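The sequence and the structure come first.

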Amino acid sequence: MSEEQEKDNYSANPNQKVYDTPHQVDHEVNVVKIYFAKQVPKMTWESKDAVYPVKSGGLVSDVKKKYEKKGRRNIQADKEDSVRLKAKDEVKITWEEEVQAKKADGTLDFDFQRINSTTIKKKVWVVAECQGASGKLSVEIHENKLENAENVYENPVKFLDGEEEKSKIEFIIDGTLVYSKEITMRPKSDEDLKKLIEKFSKRPDLNAFLYFKAEVTGTEDEVKFPDETHEFLNKENDRFEIRYCNCGNNYDITCTRYSKRYGPAYWGSKKLENYADWDTLIEDKKITEEEKSILVGMSENEGKLDSVQSYDWDLSGEQMILTAGAMQKTVDHTGKGEFTTQVEEFKEQYPEKYDELFVTCGWTVESGILYYKDPADSKAEKITGNTLSDKIRENCKESLFGKTVESKPLQPIVNAVIDKTFQEKQVLDFIKRLKEVVLPLVPTGYSYKLSDYLKSKLGKATALDHHINRPSYVVEDFGAALDRFFAKKDANTAKENKTKKEGEKLEKLSRNPADWGDKHGEYEQEILDDYGNKRRGTDMDKRYEKMQKNSNLS
């Protein structure tokens, strides 16, 4: 990122790094800002170089591309880009790489980044920007009742400083400019925490809004605050939200059966068609109208946005841990799978939401494996694989078939897939899969991509539907459909040529779909009717028939 981009980012982003503190003024203590924050690595650019040994020719520009990756800039070579290389040549490459800065003592350095929300029981940093050379800054946390009948917290809010419960943060003013303290957002005793959670649970949105009230003592200098209230984060659009995730305790989970195996399921109610933010995604150009139609038309074959179940098994015959969401992404018997990957990406994209929806409720993803640990049991160990699968299904048996059952680990997953941010993640993953994974596939025995053959919404939806359910079969089964199509066309051509003279004989139909011209739609439909009904998988013919009748795909 260039210095100019960093400046633009700083001014536009409400969560920018906040080290732009004015200089000290003699005989004045000025409390500029107080806010909640998280620590983020303080990054700097470091010069790097390497010598690349050429193996088999190419251009210098090709070598430079090998060094391109996130966190690098100004990649240069000691030769011009257009120079053609030969084996055993060497190219010296230099670049700048973004690395975490270090303090004078060699330890890693950090910045503070303002946050706008957290969940109870989480650690946060309280950061104060204060100009001055003497005195003591005391900070209390209070709840703004707003429209609620009563507070969740008793003001001032109690928190943990290490293992000690406090209600006041104190900083000695010594000219440092930026002061910080890490605290945990909970009272010390489990009994007090339980009472707090009970109060949160009575609120429709399970949240509260906090602000700071500050005082300066022990100085003869003039003390200044932004206004006479001495309050921070207590204005509209500036308030700090603290939430409690109930981990889905209110969702009715049913004991169901699939091929004589019992397991819990939440069938969901939110169809992809009724996703609330289609217009926003289209407006923001994250998705097109055609892509929306493809997803909506195909999704009738899949689960609801908020569906979750744990009764299926994988192709090896082992129990799946769970299946979730509109794309029915799975976690297999090892803790890996497409849903695990989705949660891992969500963790990177929305770390605070990941903490709220998953970590707070006992679920974590580590090195591509999904784990669960009962958050209410301090002695519990994190589990995955068959142990976790058994834990999820432990209350499901024949005598409870069709009845509401408890599945504590599954409740948070239901709660997560209902979340608006996670639902957007699901929708965008659908499109990413279609555009970046499915359509670029090349059918077995052919040289052209699926995108070259499939121009219709029904065609794209059919391939996506197959890939979601049997991804490894798509290229083989579409290739087999093409084999049958061309064999039929070639046979018809050969039959017609028997009646034609030399020089009048017809050529075989081109294998390149770009040559089909105005016949493309007709040929695609013929291939599709064969592929849609004969592709391998469960009830593929019925799934194809349902998509054929869906008006979104016409």
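Rings of Phe, Tyr and Trp (its six-membered ring) pair if their centres lie within 6.5 Å; planes under 30 degrees apart count as stacked, over 60 as edge-to-face and the rest as tilted. Under this rule, ring pairs join Y446, Y453, F478, F485, F486, W516, Y523 and Y531 into a cluster. The model is predicted, with pLDDT of at least 70 needed for local features and 80 or more for side-chain atom pairs, while totals for chains, interfaces and linings use all residues. Numbering runs from 1 along each chain as its sequence is written, and side-chain values use heavy atoms, leaving out hydrogens and water.

**Aromatic pairs**

The count of aromatic pairs comes to 30. In the pair of Y67 and W95, the ring centres are 5.4 Å apart and the planes stand at 40°, so the pair is tilted. This pair links distant parts of the chain, 28 residues apart: Y67 is in the loop between α2 (60-66) and β4 (72-77), and W95 is in strand β6 (residues 90-100). Helices (H or I, at least four residues) and strands (E, at least two) are DSSP runs, numbered from the N terminus. Buried means under 20% relative accessible area, exposed over 50%, and partly exposed in between (1.4 Å probe, protein chains only). Y67 counts as buried at 13%, and W95 counts as buried at 8%.

**Salt bridges**

A salt bridge is a side-chain nitrogen of Lys or Arg within 4 Å of a carboxyl oxygen of Asp or Glu. The whole structure holds 42 salt bridges.

| Residue | Partner | N to O distance |
|---|---|---|
| D161 | K166 | 2.9 Å |
| E338 | R433 | 2.9 Å |
| K353 | D419 | 2.8 Å |

D161 is buried at 17% relative accessibility, whereas K166 is partly exposed at 27%.

E338 and R433 form a salt bridge. E338 lies in helix α6 (residues 338-349) and R433 in helix α10 (residues 420-438), so this pair ties together parts that are 95 residues apart in sequence. E338 is partly exposed at 32%, and R433 is buried at 6%.

K353 and D419 also form a salt bridge. K353 is in helix α7 (residues 351-357) and D419 in the loop between α9 (410-418) and α10, 66 residues apart. K353 is partly exposed at 23%, while D419 is buried at 12%. Salt bridges with shared partners join E241, R243, K353, E356 and D419 into one network.

**Two aspartates**

D221 lies in the loop between β15 (207-217) and β16 (222-224). D221 is buried but has no salt bridge, and the nearest side chain of opposite charge, K224, is 12 Å away. For charge, Lys and Arg count as positive and Asp and Glu as negative; His and the chain ends are not counted. Contact means heavy atoms within 4.5 Å. Not counting residues up to four places away in sequence, D221 touches H27, E28, V29 and S134.

D529 is in helix α14 (residues 520-534) and is partly exposed, with a relative accessible area of 32%. Leaving aside neighbours within four places in sequence, D529 is in contact with Y544 and Q548. The C-alpha atoms of D529 and Y544 are 8.5 Å apart, and the two residues are 15 residues apart in sequence.

**Cysteines**

A disulfide is a pair of cysteine sulfur atoms within 2.5 Å. The whole structure has 0 disulfides. C396 is in no disulfide, the nearest cysteine sulfur, that of C255, being 3.3 Å away. C396 is buried, with a relative accessible area of 11%.
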